[in-house]
Amino acid sequence: MNGLMLLGRYFTASIRSQMQYPASAIMLTFGQLASTAIEIVSIWALFDRFGAVKGWSFGEVMFFYGLVNISFSVADFVTRGFDVFGTDFVRTGDFDRLLLRPRSTALQLVGYEFRVSRFGRFLQAAAILVVATESLQYTWTPETVAVALWTIAGGTAFFVALFVLQAAMAFWTIESLEAVNALTYGGVYAGQFPLGIYARWFRTFLTFVVPLACVAYYPVLAILGRSDPLGAPDWLLPMTPAAGFAFLALSFRAWRIGVSKYMSTGS
């Protein structure tokens, strides 16, 4: 059985197990949808009080919000195993069982659990993107749709990379570091706004150290047809989501180093 077929089996088993209690799955999905909707209310209140922020309207910021949250919801859907890796695998010694199986440990962790509830954030973000489109009377073209899909792919790779790095650190810290949430969930919040509202050092960090801006800011400028107020050339804007895949490659390099240094904690 090849990797994709095995992943499909994992996916089917996970979804079927959750659908044994459909009411619970539906309530969890709508619960996450409602909890993430609170963020929209807070952003709306900000713009209702102050109007445009640094030249950006509420509708334009909703483009950032929609795309970055769609990317994160997809990444969160496939990385449950990495998210709980320290607590559920390293500390308990269960990672030993994964090493004994003739399949990649990363593949097994991806297939650990696919949470249906993560569709709540996805649906809410997609709805916000539709509302933003209507608010700005924006017309999608094949080119902008392609850039949007490329942006979501790059953003998904970026957030998956953060979860993989969190798991890799657990080889040394045993427990999963909650501080990494400042980059995962904090990154989602930071990516919801234009880069220009942040301090220069923070913009540099989000571009060259943790390339969130490359998957959440620059490509949205290309979609909206706006030039970067900070000076990035227009030709570069739609290409920047590639940084998400480069960051993912680096994170898996760190993962392989962690696996090579792993010593069982026992049971």
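1. Helix 9, which covers residues 142-173, has 32 residues and reaches 46 Å from its first C-alpha to its last, close to the 46 Å expected at 1.5 Å a residue; the expected span is 1.5 Å times one less than the number of residues. Helices here are DSSP runs of H or I with at least four residues, and strands are runs of E with at least two, numbered from the N terminus. Just after helix 9, I174 takes a positive phi of about 70 degrees.

2. This is a predicted model, in which local features need pLDDT of at least 70 and side-chain atom pairs count only at pLDDT 80 or more, while totals for chains, interfaces and linings use all residues. Residues are numbered from 1 along each chain as its sequence is written, and side-chain values use heavy atoms, with hydrogens and water left out.

3. The whole structure holds 33 aromatic pairs, where rings of Phe, Tyr and Trp (its six-membered ring) pair if their centres lie within 6.5 Å, and planes under 30 degrees apart count as stacked, over 60 as edge-to-face and the rest as tilted. F11 and F77 form an edge-to-face pair, 6.2 Å centre to centre with 70 degrees between the planes. Because F11 lies in helix 1 (residues 3-18) and F77 in helix 3 (residues 58-78), this pair ties together parts that are 66 residues apart in sequence. F11 is partly exposed, with a relative accessible area of 36%, whereas F77 counts as buried at 12%; buried means under 20%, exposed over 50% and partly exposed in between, with a 1.4 Å probe and protein chains only.

4. F11 also forms an edge-to-face pair with F114, 5.3 Å centre to centre and with 70 degrees between the planes. F114 lies in the loop between helix 7 (105-110) and helix 8 (119-136), so its pair with F11 of helix 1 ties together parts that are 103 residues apart in sequence. F114 is buried, with a relative accessible area of 4%.

5. The charged end of R226 sits over the ring of W56, 3.8 Å from its centre; for this, NZ of Lys or CZ of Arg must be within 6 Å of the ring centre and within 35 degrees of the ring normal. R49 lies over the face of F50, at 5.1 Å from the ring centre.

6. Which residues link into a cluster through ring pairs? They are F82, F85, F89, F95, Y112, F171, W255 and Y262.
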